[in-house]
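Here are my notes on the model you sent over. Have it open while you read, and go through the points in order.

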Amino acid sequence: HIVPGVDDGAVSLEMSLAMIEAAKQCGVISILTTPHIRGAADDAIVHEMHKKAFQKVLDAKPDMDLHLGGEVRVTPETHEITNHPEFTSGEQSKYILLEMEFDKVPPYFTQLLFDFRLQGITPIVAHPERNAGVLKRPAHALEFVRQGAILQITNGSLLGELGETIQACALQLFECGLAGILA
């Protein structure tokens, strides 16, 4: 979360630039930011605020390829945004990062994945290993992949930083070849 003043990341432009420099020192050459967005069409206003904060980072001219995206929280209204390009990564991409509530897999989630695929957008499911529904029934993750989604597993989950249960699920998803992205 390098967009200053957004989410739980950088609190200032200076901190954003320091985070970018630290990433550069680790060999990162491109960053797609993912500030949180509630998955409803009226949240486009929040995305506009993210754009303004992100522009301050771009205006500082850091030596890094930067793109503004978003992590869209799945809600019952999320199907309304399938035709809103501002919710996809970089507003011209064919990918959308989706975050489920942590307590369950919503009953409408596979339909939502299908709807995005119909629009030519590939859903990326953020940290499914941290979702209680996936932890209870890991086959959900296979269903997501069969629907055309890519699973993004959190590195900390694989390393056990979020507990043994989450680590076991992350390792299972990784070992079964279901993890498409590590973050």
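1. Leaving aside residues up to four places away in sequence, Val-57 touches Ile-2, Pro-4, Leu-13, Ser-16, Ile-20, Pro-62 and Leu-66; a contact here means heavy atoms within 4.5 Å. Val-57 sits in helix α2 (residues 44-59), and at 0% relative accessibility it counts as buried. Buried means under 20% relative accessible area, with a 1.4 Å probe and protein chains only. Helices are DSSP runs of H or I, at least four residues, and strands are runs of E, at least two, numbered from the N terminus.

2. Before going on, a word on the ground rules: this is a predicted model, so local features need pLDDT of at least 70 and side-chain atom pairs count only at pLDDT 80 or more, while totals for chains, interfaces and linings use all residues. Residues are numbered from 1 along each chain as its sequence is written, and side-chain values use heavy atoms, with hydrogens and water left out.

3. Which residues touch the most other members of the largest nonpolar core? They are Leu-98, Phe-109, Val-125 and Phe-144, in a core of 24 residues. A nonpolar core is a set of buried Ala, Val, Leu, Ile, Met, Phe, Trp, Tyr and Cys residues joined through side-chain atoms within 4.5 Å. At least two residues each come from β5 (95-99), α3 (109-118), α5 (139-146), β7 (150-153) and α7 (164-175), and α3 gives the largest share, four residues.

4. There is also a second, separate core of twelve residues, and Val-57 belongs to it, along with Ile-2, Ala-53 and Met-64, among others. In soluble globular proteins, nonpolar side chains tend to be buried together.

5. For a sense of distance, take Val-57 and Leu-173: they are 116 residues apart in sequence and 35 Å apart in space, C-alpha to C-alpha.

6. Not counting residues up to four places away in sequence, Ser-157 touches Glu-129, Arg-130, Leu-162, Ile-166, Gln-167 and Ala-170.

7. Finally, the whole chain. It has seven helices and eight strands, and 42% of its 183 residues are buried. Among contacts between residues at least 6 apart in sequence, 72% join residues at least 24 apart. The C-alpha atoms fill a box of roughly 45 × 35 × 25 Å along the principal axes.

Notes. Buried means under 20% relative accessible area, exposed over 50%, partly exposed in between (1.4 Å probe, protein chains only).
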